Amino acid sequence: AVRTGAADVGSLLGSVNQLFEEALYVGDLQTLTTEADARAIPTGGADLPERPDAIHVENVSFTYPGRTAPSLDKVSLVVPTGKIVALVGDNGAGKSTLARLLCGLYQPDSGTIRWDGVDTATADRAQQFASTVLLPQDFFHWPLTLRAIVTPGRPGHHDDAQTLAEAAEFAGMEHLLQQQDRGWDTLAAKGFEGGVDFSGGQWQRIGTARTYLRATTTGTDGRRPFLVIADEPTSALDPAAEVRAFDNLRRLAAEGATVLLITHRLAASASADLIYVLKDGRLVEQGTHEELMAVGADEDRPAAGSYRTAYLLQARQYAAELP
Ligand code: ATP
């Protein structure tokens, strides 16, 4: 019992730390305290290409501090630039963990993540942060105005009316803004005096607006992110907003960004250029939707066909819900 208790404390601390790191990341680091900055971005190291042809994940294993079971176990995959890549798999498969590693929030215990030929473990992390955007599953609820939340605090980013209107349009925030007397100057905060709280889907739209501005602006360092990671970006959205969100992600990809889409919605992953299926920290299947649907069940490889099985199950479920 004592050991279990210690492990629980360890994983609790782990998740607090992770939230903190993600918050720093999503807050773009520069806007936060210098002490936190110093901790979060060691500068120096090898230069990363501004727009590599691909990110190569090679034999990557990772175990969270305080845990014994690896969350990623010898994962190898390639994320080609300018494509929509879907990362799917059951709860706890390791999808969010891989996203965190791709952003440089954690480093692999073994194996490498390379942008073309450059190992990110020895690269300039400030460059890595400037080139990636993460829309995390639980968008941090900042006690700030909507304007401050959606405008990334990176040098070179603007908050003029035209820029904000574009972001609102992209994220479907127009109605939400109309409902607030103070518009972009509304103080958003949960349980904070004078602050307004929003629904899960509304927060998701706010996070999307921020992601859009990050993804489409070139900072004064000359870097415009090429990798956009959206971790379950539509889990709380209504159907119309969800369709619009996926269309928008396609729009970002058409403009040259790599979109890594983590999703349980297999109808959405079906239109991705490439799908990776994780299970218990391992990569079990990869291919296009058509390729994965053509895989039959294989007794020697029980995970083969898992995408197909899950897809058919979801399709049946949606069909059953139709009037
Ligand atoms: P979901 O679909 O539920 O979001 P996922 O595929 O994104 O799942 P991860 O969140 O990457 O899965 O989790 C993979 C494994 O790592 C799980 O066993 C989880 O308990 C563990 N894990 C995730 N975050 C932490 C953390 N901060 N500390 C310790 N263990 C963690």
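Of the 323 residues of the protein, 38% count as buried, a residue being buried if 20 or more other C-beta atoms, placed from the backbone, lie within 10 Å of its own, exposed if 12 or fewer, and partly exposed in between. The model is a predicted one, in which local features need pLDDT of at least 70 and side-chain atom pairs count only at pLDDT 80 or more, while totals for chains, interfaces and linings use all residues. Residue numbers start from 1 along each chain as its sequence is written.

The secondary structure comes to 12 helices and 12 strands; these are DSSP runs numbered from the N terminus, with helices being H or I of at least four residues and strands E of at least two. Among contacts between residues at least 6 apart in sequence, 71% join residues at least 24 apart, where contact means that the C-beta atoms, placed from the backbone, lie within 7 Å.

An open sheet of 6 strands has the order 6-9-10-3-11-12, with mixed pairing; two strands pair if DSSP finds at least two bridges between them. Strand 6 (132–135) and strand 12 (282–287) each have a single partner strand, so they form the edges and one side of each lacks a neighbour in the sheet. On average, neighbouring strands of this sheet are turned by 15 degrees against each other, direction ignored.

Thr132 has Leu227 in strand 9 as its bridge partner. Helix 8 (residues 200–216) packs on the sheet, touching strand 6 and strand 9, and its direction makes about 175 degrees with that of strand 6. Such angles run from 0 to 180 degrees between N-to-C directions, with axes fitted to C-alpha atoms, for helices over the stretch in contact. Helix 9 (residues 239–254) lies across strand 3 (84–88), strand 9 and strand 10 (258–262), running at about 150 degrees to strand 10.

The largest nonpolar core has 70 residues, of which Leu87, Ala209, Ile229, Val259, Leu260 and Leu261 touch the most other members. Helix 8 gives the most to this core, with 6 residues. A nonpolar core is a set of buried Ala, Val, Leu, Ile, Met, Phe, Trp, Tyr and Cys residues joined through C-beta atoms within 7 Å. Leaving aside residues up to four places away in sequence, Leu261 touches Ile84, Ala86, Leu87, Ala230, Leu249, Ala268, Ser269 and Ala272.

Glu291 is in helix 11 (residues 289–293). Glu291 counts as partly exposed because it has 13 C-beta neighbours inside 10 Å.

Key. Two residues are in contact if their C-beta atoms, placed from the backbone, lie within 7 Å.
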